[in-house]
Amino acid sequence: MFCHRTALSVLLLLVIPLGGFAQDAPISEATQACLDCHGVFHPGIVADWQASRHAKTTPQQALAADELSRKVSGKAIPQHLQTAVVGCAECHGMCGDTHADTVEHNGTDIHVVVSPDDCRTCHAVEADQYSQNIMAHAVGNLANNALYRQLETAIVADRKIDAGQLTLAPVDADTRAEACYYCHGTVLTVTGTAVRDTDAGELEFPVIAGWPNQGVGRINPDGSKGACSACHARHEFSIAMARKPHTCQECHVGPDVPAYKVYASSKHGNLYASKNAGWNFETVPWTVGRDFTAPTCATCHVSLVVDADEQIIARRTHEMKDRLSWRIFGLIYAHPQPQSPDTSIIRNADGLPLPTDFEGGLARDYLIGPDEQAARTQIMQATCKACHATGWVEGHWRRYANTLARSNVAIYTITQLMTDGWTWGYARGLPHNANPFDEYSERRWCDAWLFYANTVRFASAMAGGGDYGVFADGRYQLSRTLADMHEWLEQCRRMETIATDK
């Protein structure tokens with residue numbers, strides 16, 4: 001997709017050195033005008049851009065690369081954009097008629113928020129893939145799921161004592177924006193404009209509710225979903241940054257999704273920490289054994305990985321679930337990956353928006369089947385086998401399957417205890433049309449599947465982080481929580497018996 005309505009559609013090309021930066025590729029006149037001011041007022045932003053591939057390569061040059069090393073996928077990049085580097089104007093000046101945040105700025109129409117649909121001009125395949133990613137739907141997957149909203153409320157709402165009872169107050173927008181929606185993304189809504197007195201004089205700016213945010217499912221002023229800057233931070237938009245695990249750490253540090261801390265403690269993480277200074281994080285494709293010698297998050301989930309003969313081991317994808325057969329983020333059990341990235345449509349046998357029922361039965365109509373699971377496992381194992389023998393890989397997968405089964409059994413037992421507590425009136429939850437996450441016993445139940453079972457599964461899936469499988473939010477805490485829940489239920493029964501006897 002490309003939007004032709006823009007005040008920048010006619011780009012005059014210049015070759016202008018900028019502040020000592022050796023600029024060999026042509027800059028459009030419109031971008032140069034931006035740089036002349038923002039180089040003074042926002043030197044950090046300009047320095048990031050100067051270090052970027054965008055600042056050094058025109059789309060025309062990028063398109064000339066051979067297929068494996070090509071970093072752009074757009075097949076219809078407009079001719080007038082091909083011969084200048086991708087700068088301020090090319091990103092903030094396109095598709096102005098689709099952006100609610102477009103304003104006139106020093107005689108030019110620009111918009112503040114750059115969206116995946118803007119990036120689509122050059123990165124069409126990646127934008128399409130990302131739109132099918134669960135991450136792209138992260139706002140709706142939370143906001144449109146009544147159970148998840150209750151969990152959010154139980155976590156972030158203000159608590160007050162009213163007539164001796166603990167009550168939850170409504171959650172304010174700013175708290176939500178920096179809590180769950182920091183990672184999920186906010187809904188960016190233009191509420192008006194404001195005139196600010198800046199060093200460059202009085203200028204008009206859009207006022208955007210939900211801004212700032214770079215959440216993975218952010219709803220942008222042009223209606224698109226997601227933020228490329230969640231992984232490729234502004235304004236360098238670095239491949240190297242997206243390939244390093246610290247980027248994923250921002251949202252995947254746990255204890256609910258403990259991927260980073262498990263990775264950092266694993267043998268793979270050990271190798272990365274010890275040897276990554278000698279790795280090449282920039283090159284495309286990424287050659288295992290030459291450019292890197294142990295996987296990062298991107299190796300297994302995103303990157304185009306080849307062997308020394310440039311034979312493809314794994315194709316690049318921005319649909320991160322493409323190589324995943326199981327969704328180990330327990331809700332409340334580990335289950336096959338959803339078919340649709342919009343998980344809010346899922347309904348279990350009881351009509352609840354969960355991928356399983358409380359007994360562990362799968363909402364099969366909404367989840368991928370065994371054949372698709374096997375195909376995805378094969379894709380993931382191909383990356384493993386670039387470094388490991390078949391016996392090693394198969395042994396790992398056998399243990400992983402066992403961990404999923406055993407952790408689901410533990411959660412089934414704990415969920416039985418919670419269900420009994422609701423049935424017998426010792427807690428108020430789903431059977432009473434009440435929040436199932438706000439009482440102490442319910443929190444203990446939630447801890448079991450949201451933290452401890454998840455940690456055990458991640459430690460198994462990522463082949464390491466040993467203590468996370470046992471004492472660091474692992475099996476020890478999971479078994480202790482089961483004992484706590486059983487003791488809570490027995491105490492409630494004993495107290496009820498004593499009260500009845502009296």
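Mentor: Leaving aside neighbours within four places in sequence, Ala 138 is in contact (heavy atoms within 4.5 Å) with His 184, Val 216 and Gly 217. This is a predicted model, where local features need pLDDT of at least 70, side-chain atom pairs count only at pLDDT 80 or more, and totals for chains, interfaces and linings use all residues. Residues are numbered from 1 along each chain as its sequence is written, and side-chain values use heavy atoms, leaving out hydrogens and water.

Ala 138 belongs to helix H8, residues 138–143; helices (H or I, at least four residues) and strands (E, at least two) are DSSP runs numbered from the N terminus. With a relative accessible area of 8%, Ala 138 is buried (under 20%; exposed is over 50%, partly exposed in between, with a 1.4 Å probe and protein chains only). Leu 450 lies 312 residues from Ala 138 along the chain, and their C-alpha atoms are 17 Å apart.

Now look at helix H2, residues 43–50. Val 46, Trp 49 and Gln 50 are its buried residues. Seen down the axis of H2, they fall within an arc of 100°, so they line one face of the helix (the arc is that of the directions from the helix axis to the C-beta atoms). Their cover includes strand S2 (27–28) and helix H1.

H1 (residues 29–41) packs against H2 at about 120°, with the axes 6 Å apart. The contact is made by Leu 35, His 38, Gly 39, Val 40 and Phe 41 of H1, together with Pro 43, Val 46 and Trp 49 of H2.

How values were computed. Axes fitted to C-alpha atoms, helices over the stretch in contact; angles between N-to-C directions.
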